[in-house]
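Please look over the sequence and model below before reading the notes on helix packing, backbone geometry and the ligand shell.

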Amino acid sequence: MTIQLKDLAPPVLETEYAVRGPIVARAQELERSGREIIYCNIGNPQALQQKPLTYLRQLLALCQCPELIEQAPGLFPPDLRETARRVLKGTQHGLGAYSDSKGVRFIREAVAAFIEERDGIPADPEAIYLTDGASKGVQAALRILISGPRDGIMVPIPQYPLYSATITLLEGKQVNYYLDEAHGWKLSRAMLESSLQEARRYGVRVKGLCVINPGNPTGSVLDEANIRMVIAFAREHGLALLADEVYQENIYLQGDHFTSFAKVMAGLGEEEVSLFSFHSCSKGFLGECGQRGGYMELRNIPADVTAQITKLQSVSLCANLTGQVATYAMVRPPRPGEPSHGAYQEERESILSTLRHRAALLAEGLNAIPGISCNQVAGAMYAFPSIRLPEGRTDEAYCMALLEATGICVVPGTGFGQVPGTAHFRTTILPPTEKMMAVVEGLGEFHRTWR
Ligand SMILES: Cc1ncc(COP(=O)(O)O)c(C=O)c1O
């Protein structure tokens, strides 16, 4: 007899991942039957025509095919050929060999230098793990923190479903804290306190707190005072922090800037709060989701715990080497004066200014539709508008009907969590600008007429 569904572990059956759920499956079915679908469901920039950075792709090409460094010198700028030589030497055996479990030491040193330059604080290459995208880092941190069914992890609501799915799979308890939609999705101490106390009342041992900054799906950006408040809260209650900073380059409003948890912790001289920070090649202006590059940085984690994390990483041997080199390209871009620098800067600016433009366009377009209201998209790659629905209708039914009627594929708010009694959907800001206009128009028409 073949394997049966009933034989699977309940947490596997209970795990949900809305970003690729039934609505996306239906969209693919419609596409196969010839319908045009506009995929606004997932932050996958290159699936929506964003161009890869030439520097990153050329570096990967040379590292994958080292003979091109000498055979095709005219095709690649001299600094890039030099960089490829350095990376290959750093890997010792090229991209076809396993690296250390933590990743190639040379690349971890480059990540440490990147953090030092970004934040003006020291960083230790031994506290850095190169991972297959940020997802694997987040999963590793949650694996370490959840030791039994009473262990709770605080996650923002709305949240990115990697967190809910992984906590379910690890049989931990998801402890929700709500972000304040009426105030630009702000994170408040009062909300953190009330959700922690509520969980404790139910006997949950809260061990960690996840923060997504800039936020997915909310698009909000935390300031330094906010981050200090979260660190103080974590210290008072003995929580580890997970800082998901994959959208650190996606900040759109003038005057806003990214502040890392690592920087604020180092500035406070904080040594009591354990911090796991995550970054990725998938977002920002790289959009290299398919390369699966990223890293996790640890702070204030004792050596014996670090050794356990390294042991777990070594069970999968190492992160893929192509992703590790993509991470190198992310943290060590061409510098001013190097021949590749001009084109790199131009491509970077063009991508970021397009995203900035679309972020404003989308929020404005959504707010012009009666019955839809959307906060400013200050960062990341999404809008999470609130929608007024006819009595008795759900956001899931709305999104499915929207897909059937217009070919626009968005994700129901239920997949991210929302205040009971409210309804939302998440859309990305990634479709090309003319398609984005079509999305806003299609949504407007649909929203006016759906009953
Ligand atoms: C907040 C957040 N964290 C982590 C990830 C995972 O990204 P990756 O594993 O591709 O680095 C995503 C992807 O959309 C995300 O939105």
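The model is predicted, local features need pLDDT of at least 70, side-chain atom pairs count only at pLDDT 80 or more, and totals for chains, interfaces and linings use all residues. Residues are numbered from 1 along each chain as its sequence is written. Helices (H or I, at least four residues) and strands (E, at least two) are DSSP runs, numbered from the N terminus.

**Helix packing**

Helix α3 spans residues 54-64, and its buried residues are Tyr 55, Leu 56, Gln 58, Leu 59, Leu 60, Leu 62 and Cys 63. A residue is buried if 20 or more other C-beta atoms lie within 10 Å of its own, exposed if 12 or fewer, and partly exposed in between, with C-beta atoms placed from the backbone. The buried residues of α3 pack against α4 (67-71), α5 (78-91), α13 (321-331) and α14 (341-367).

Axes are lines fitted to C-alpha atoms, for helices over the stretch in contact, and angles run from 0 to 180 degrees between N-to-C directions. A crossing is left-handed if the near helix is turned anticlockwise from the far one by less than a right angle, and right-handed if clockwise.

| Helix pair | Axis distance | Crossing angle | Handedness |
|---|---|---|---|
| α3 and α5 | 9 Å apart | about 50° | right-handed |
| α3 and α13 | within 10 Å | roughly 140° | right-handed |
| α6 and α13 | within 9 Å | roughly 30° | left-handed |

Angles under 35 degrees count as roughly parallel, over 145 as roughly antiparallel, 65 to 115 as roughly perpendicular and the rest as oblique. The helices α3 and α5 are therefore oblique to each other, and α3 and α13 are oblique too. For α6 and α13 the result is roughly parallel.

Residue contacts are defined by C-beta atoms, placed from the backbone, that lie within 7 Å. Where α3 meets α5, the α3 side supplies Tyr 55, Gln 58, Leu 59, Leu 62 and Cys 63, and the α5 side supplies Leu 80, Arg 81, Thr 83, Ala 84, Val 87 and Leu 88. This contact of α3 with α5 holds eight nonpolar residues, two polar and one charged. In these classes, Ala, Val, Leu, Ile, Met, Phe, Trp, Tyr, Cys and Pro count as nonpolar, Asp, Glu, Lys and Arg as charged, and the others, Gly among them, as polar.

Towards α13, helix α3 presents Tyr 55, Leu 56, Leu 59, Leu 60 and Cys 63, which meet Thr 322, Val 325, Ala 326 and Ala 329. The contact of α3 with α13 has eight nonpolar residues, one polar and no charged.

Helix α6 (residues 105-119) meets α13 as well. Here Ile 107, Ala 110, Val 111 and Phe 114 of α6 are in contact with Gln 324, Thr 327, Tyr 328 and Val 331 of α13. By class, six of the residues in the contact of α6 with α13 are nonpolar, two are polar and none is charged.

**Backbone geometry**

Most residues other than glycine have a negative phi, and most peptide bonds are trans. The bond from Ile 157 to Pro 158 is cis, with omega near 0°. Pro 158 sits in the loop between β3 (151-157) and α8 (161-169). The bond from Asn 213 to Pro 214 is also cis, with omega near -10°, and Pro 214 lies in the loop between β5 (205-212) and α10 (224-237).

Gln 49 has a positive phi near 75°. Gln 49 belongs to the loop between β1 (38-39) and α3, and is exposed because 10 other C-beta atoms lie within 10 Å. Leu 317, which is not a glycine either, has a positive phi of about 70°. The loop between α12 (303-315) and α13 contains Leu 317, which counts as exposed with 11 C-beta neighbours inside 10 Å.

Pro 390 is in the loop between β11 (386-387) and α15 (395-406). With 10 C-beta neighbours inside 10 Å, Pro 390 counts as exposed. Pro 390 and Trp 450 are 60 residues apart in sequence, with their C-alpha atoms 8.3 Å apart.

**Ligand shell**

A residue is near a molecule if its C-beta atom, placed from the backbone, lies within 6 Å of it. There are 14 residues around the ligand, of which Gly 133, Ala 134, Ser 135, Ser 280 and Ser 282 come nearest. Helix α7 (residues 133-145) gives the most to this shell, with three residues. By class, the shell has six nonpolar residues, seven polar and one charged.

How values were computed
Two residues are in contact if their C-beta atoms, placed from the backbone, lie within 7 Å.
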